[in-house]
Amino acid sequence: FIIFKKTLNELSKKYHIIAPDIPGYGDSSTPKELWSFKDYADFFVSFIKNLNIKEVIVVGYSLGGGIAYNMTLNSEKIKKLILINSAGIEKTSNNQSKRDFDRLLFYLIHPQYFPTFLILLKEWVLFTFKHLMNFHHIKKIRKGLNNSFGYPNDMKIPTSIIWSKDDKIFPVKIAQKLHKLIKNSQLFIVNGNHDWVLYEENKFIDYLNKALIFYTGFPPTRE
């Protein structure tokens with residue numbers, strides 16, 4: 001959570017924040033089976049139940065977005081959903097080399113954000129060494145997740161969609177289609193690529209606060 005430390009600290013001034021590792025990432029263990037988005041969602045729904053939480057706002061970015069969306073399908077405790085440049089909605093290209101090239105090209109064109117690229121590179125190296133024994137298995141899980149997707153059907157809970165217009169991994173057209181399909185939704189489109197939440201952290205916090213206000217029935221737990 002080092003790269004999101006500022007965001008979590010700011011939000012914790014008004015809200016009770018729970019930020020668990022996704023299994024297979026951070027310091028968590030890797031699932032032995034090839035988990036789908038539904039499997040991840042079931043895990044976190046059980047996690048919420050075990051913590052005896054009555055109501056929760058679920059925020060998901062990238063991979064976490066696909067998990068968050070699937071969590072809403074089988075838990076009445078989720079009262080609001082915030083999706084940010086989310087996976088799990090529409091199938092994307094499996095060409096990892098092209099995606100990596102597009103990402104690098106963005107930072108070469110926008111050198112002011114290059115420190116973020118170095119942070120991401122460092123995190124990738126640390127992740128690789130930490131999960132070296134399970135790295136091949138994690139790649140298989142990721143590949144399988146790209147075949148597990150679907151647009152929401154009759155979603156009723158308030159949903160905020162925050163997306164960057166230059167995302168080459170999950171194009172902004174996904175956000176626009178989501179907004180049309182989810183009647184009780186709001187859409188924010190920002191500048192930047194898939195990593196904008198890291199190099200525009202103040203803007204990210206601002207949009208999260210706007211999204212949280214969207215559901216007025218869930219007041220801050222901290223004054």
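Me: What radius of gyration does the protein chain have, and why does this agree with a compact globule?
Reply: The model is a predicted one, in which local features need pLDDT of at least 70, side-chain atom pairs count only at pLDDT 80 or more, and totals for chains, interfaces and linings use all residues. Residues are numbered from 1 along each chain as its sequence is written, and side-chain values use heavy atoms, without hydrogens and water. The globule rule, 2.2 Å times the number of residues to the power 0.38, is compared with a radius taken over C-alpha atoms. Because a compact globule with 223 residues would have a value near 17 Å, the chain agrees with it at 17 Å.

Me: Which residues of helix α6 are buried?
Reply: Buried means under 20% relative accessible area and exposed over 50%, with a 1.4 Å probe and protein chains only. Helices are DSSP runs of H or I with at least four residues, numbered from the N terminus. In α6, residues 135-145, the buried ones are Phe135, Ile138, Ile141 and Leu145.

Me: Why are these residues on the same side of α6?
Reply: The arc is that of the directions from the helix axis to the C-beta atoms. The residues lie on the same side because they cover an arc of only 115°.

Me: Which exposed residues does the face turned away from the buried side of α6 carry?
Reply: The buried residues of α6 pack against α2 (37-50), α3 (63-71) and α5 (114-130), where contact means heavy atoms within 4.5 Å. The face turned away from that buried side carries the exposed residues His136 and Lys143.

Notes. Helices (H or I, at least four residues) and strands (E, at least two) are DSSP runs, numbered from the N terminus.
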